[in-house]
Amino acid sequence: MKMKLLTLTGMMVILASSSLFAQKENAIGLRGGWFGGVTFQHQLSGNGTLELIAQGRYSWFNITGLYEIHKDFSDVDGMQWYYGAGGHIGFYQYRKDHPVFNDRYTGSATFVGADAIIGLEYFFSEIPFQISIDYKPMINLGGGGAWWYNDAGLAIRYVF
C-alpha cells in the first residue's frame, strides 16, 4: 500500500512539473519556519497560482499542493496578499529516540489531510526574486490521526 501511494505521488509530481515548466511564470525557493522545505509556484491565467511545498521535520516528510488566489495589496507596487486551500500527503516513522515524543510512540504510517493558506508576497522589480510570509494551518484526516498543525513560514523564491 505504501509503495502504491509513493508511486502515485511521484507520478503526480512528474506530470504536474512537466506541464508547469512549459510556462514562464514560475518561482522556486526555500520556505523556512517550523516545517521548513522547498516551495514551487506556477502562475495560472488570472489571479490563480498553484503551489507545491515539500517539507519535513524529525521523522516525517510531507508534500502539499495548494491553489491560491492572489490580490493586489494597497498601492504598493509588487505587493500582493493571497489565500487558498489544498491538501497534503505524507509519511512518518516514529522511533524510540524521537526528540518530541519521548519513547511514547513507535511505528510508521502514511497520512493525508487538508490545508489552508493566507499570506503576503512581494515581488522585487529589479531582481527576479520574491519574498513571502504566510500562515498555513493543516489537519491530518486519515492515516496519522486527526492532528491539527499551525504552520507559519517565510519563503524566498527565484522567479523564472
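Analyst: Let's start with a term: a residue is called exposed when its relative accessible area is over 50%, and buried when that is under 20%. Keep in mind that this is a predicted model.

User: Okay, so is Trp148 buried or exposed?

Analyst: Trp148 has 52% relative accessibility, so it counts as exposed. You'll find Trp148 in strand β8, which covers residues 148–159.

User: Which residues does Trp148 touch, leaving aside its neighbours within four places in sequence?

Analyst: Those are Pro137, Met138 and Ile139. Take Pro137: its C-alpha atom is 7.4 Å from that of Trp148, and the two residues are eleven apart along the chain. Trp148 also has a side-chain polar contact with the side chain of Asn150, at 3.2 Å.

User: And His42, is that buried or exposed?

Analyst: Use the cut-offs again: under 20% is buried. His42 comes in at 5% relative accessibility, so it counts as buried. His42 sits in strand β2, residues 37–43, and its side chain makes a polar contact of 2.7 Å with the side chain of Asn26.

User: How should I read the strands together?

Analyst: Strands of a sheet pair through backbone hydrogen bonds, and the pairing can be parallel or antiparallel. Here, eight strands close into a barrel, running β1-β2-β3-β4-β5-β6-β7-β8 with antiparallel pairing. From one strand to the next, the twist averages 25°.

User: How many bridges join β3 to β4?

Analyst: Ten bridges link β3 (residues 48–57) with β4 (residues 60–72), and these two strands run antiparallel.

Methods
Residues numbered from 1 in each chain as written. Predicted model: local features only at pLDDT ≥ 70, side-chain atom pairs only at ≥ 80, totals over all residues. Heavy atoms only, no water. Helix = DSSP H or I, 4+ residues; strand = E, 2+ residues; numbered from the N terminus. Buried < 20%, exposed > 50% of the residue type's maximum accessible area, 1.4 Å probe, protein only. Polar contact = N/O pair within 3.5 Å; in protein donor to acceptor, adjacent residues only side chain to side chain. Pairing = 2+ DSSP bridges. Axes fitted to C-alpha atoms, helices over the stretch in contact; angles between N-to-C directions. Contact = heavy atoms within 4.5 Å.
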